[in-house]
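Student: I've got a model open on my screen and I'd like to talk it through. Can we go question by question?

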Amino acid sequence: MKFIVANSTLLSCLQMAGKVVAPNNLVPILENFLVVIEDNKLTVTGSNLENSITSSIEIESTGSNLTIALPARLIIDTLRTFPDEPIEFNINEDNMEVVIRSSSAEYNFIGLRGNDFPQAIDLSDGCNSFVAPANVLLTGISKTITSTAVDDIRPAMTGIYITVDTEQLTFVATDAHKLTRYSYKDIKSEDLKSFILPKKTALLLKNIISPNDSSEINIYFDDKNAIFRTDTFSLVCRQVEGKFPNCNSVIPKNNPFEMIIDKESLRNSIRRIMVFANTSTYLIKMHITSNLLEITTQDVDTGRSGREQLPCQYNGDELNIGFRAPQVADILASIDSENVKVHLADASRAAIFLPFETTENEELLNLVMPMLIN
């Protein structure tokens, strides 16, 4: 078997699949790519059992169809140093010897037969599906991923809960202290469909999808697995098992007071003042009056303290409320508008952070639970 392909084209394909290939894998075959050559098409798959990425390119090939496992790190490191020129691969189908030739170099190594590579996951009959623009999927993941839980005590909360129903496509994540919900109203379904996207897969998609990508992603899922498919790649993942909590029940229905404040000023103030907070709690206190927000913190153990004042618009009763600073900073980072609205009620009820300027068809809600203050 022989095939010829432009080095940059093949390298791009390999690097896409290589995003899930880890060195020193407990399953040695997974340190390799599965390469399938069939009818002038080369398909490369990388896997770590939890996630698999497949990418395909057109090539010029002679000989019979072939399946082989090639060492991922070796072949990427080799091709990365070649200039962008046609590269020729000769593969001996009897002993899996591979010869790579360029205009000025030749390399030999031995591949493996692909029989031991994990089989591709097939979804069950009647699986669910919907189509979403790549930039919408990227936005939903980017807005919610920082609100996922980091412990495995509640596995369902370590992922992003994605639902599509008769009204909208929704992404929700929560760690029980903060919650983010992003909705896109231009994608709907005749009935409710949902699954929990693992955080690792969400990070992969965030790394793969370009912010300016307007192409469509086909999303298929059953009760165990999900597939994200485009013209250039296919990503397969295992879903997070478990039941996602009913987040609507924790969102306050009536927070009568509203504060409007410059988002970046508030975020920068919190990032500065948290340096002086107690590192075990990162507690900051907010004292809110009609036109002024005062943020204070104190660490009795070290003698550190901090205080900042920011102008704001506020229509409620004078209020003292405490928050864990990193949680508020994370929430503010997910908001794009210049100003932010904070809906409040009292020191014991969750605060809702909303963008002041909204985008058509989009809705973003962030919730932060308060901390007890003396």
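This is a predicted model: local features need pLDDT of at least 70, side-chain atom pairs count only at pLDDT 80 or more; totals for chains, interfaces and linings use all residues.

Student: What kind of pair do F130 and F221 make?

Tutor: Their ring centres are 6.2 Å apart, and the planes sit at 75°. Planes over 60 degrees apart count as edge-to-face. So F130 and F221 are edge-to-face.

Student: How many residues apart in sequence are the parts that this pair ties together?

Tutor: F130 lies in strand β11 (residues 128-133), while F221 lies in strand β16 (residues 216-221). The pair therefore ties together parts whose separation in sequence is 91 residues.

Student: Is F221 buried or exposed?

Tutor: Buried means under 20% relative accessible area. F221 has a relative accessible area of 1%, so F221 is buried.

Student: Which residues do ring pairs link into a cluster with F130 and F221?

Tutor: Ring pairs join four Phe residues here, with F130 and F221 among them.

Student: On to pockets: which class supplies ten residues to the lining of the largest pocket?

Tutor: The largest pocket holds about 490 Å³ of space. Of its 22 lining residues, the closest to the centre are T45, P118, Q119, A120 and I121. By class, eight lining residues are nonpolar and four are charged, and the ten are polar.

Student: Which helix gives the most to the lining of the second largest pocket?

Tutor: That pocket has about 420 Å³ of space. It is lined by 17 residues, with E50, T158, P198, Q239 and V240 nearest its centre. Three of the lining residues come from the element that gives the most, helix α4.

Student: Last one: which residue of β27 is the bridge partner of K178?

Tutor: There's an open sheet of nine strands with antiparallel pairing, ordered β15-β12-β13-β14-β27-β26-β25-β19-β23. Within the sheet, seven bridges join β14 (residues 178-184) to β27 (residues 362-368). In β27, K178 has as its bridge partner V368.

Methods:
Residues are numbered from 1 along each chain as its sequence is written. Side-chain values use heavy atoms; hydrogens and water are left out. Rings of Phe, Tyr and Trp (its six-membered ring) pair if their centres lie within 6.5 Å; planes under 30 degrees apart count as stacked, over 60 as edge-to-face and the rest as tilted. Helices (H or I, at least four residues) and strands (E, at least two) are DSSP runs, numbered from the N terminus. Buried means under 20% relative accessible area, exposed over 50%, partly exposed in between (1.4 Å probe, protein chains only). On a 1 Å grid over the protein atoms alone, a cavity is a set of points where a 1.4 Å probe fits but cannot get out, and a pocket is an open set with protein on both sides within 12 Å along at least five of seven lines; lining residues have an atom within 4 Å of a point. Grid points are joined across faces, edges and corners, and a volume is the space filled by probe spheres set on the points. Ala, Val, Leu, Ile, Met, Phe, Trp, Tyr, Cys and Pro count as nonpolar, Asp, Glu, Lys and Arg as charged, and the others, Gly among them, as polar. Two strands pair if DSSP finds at least two bridges between them.
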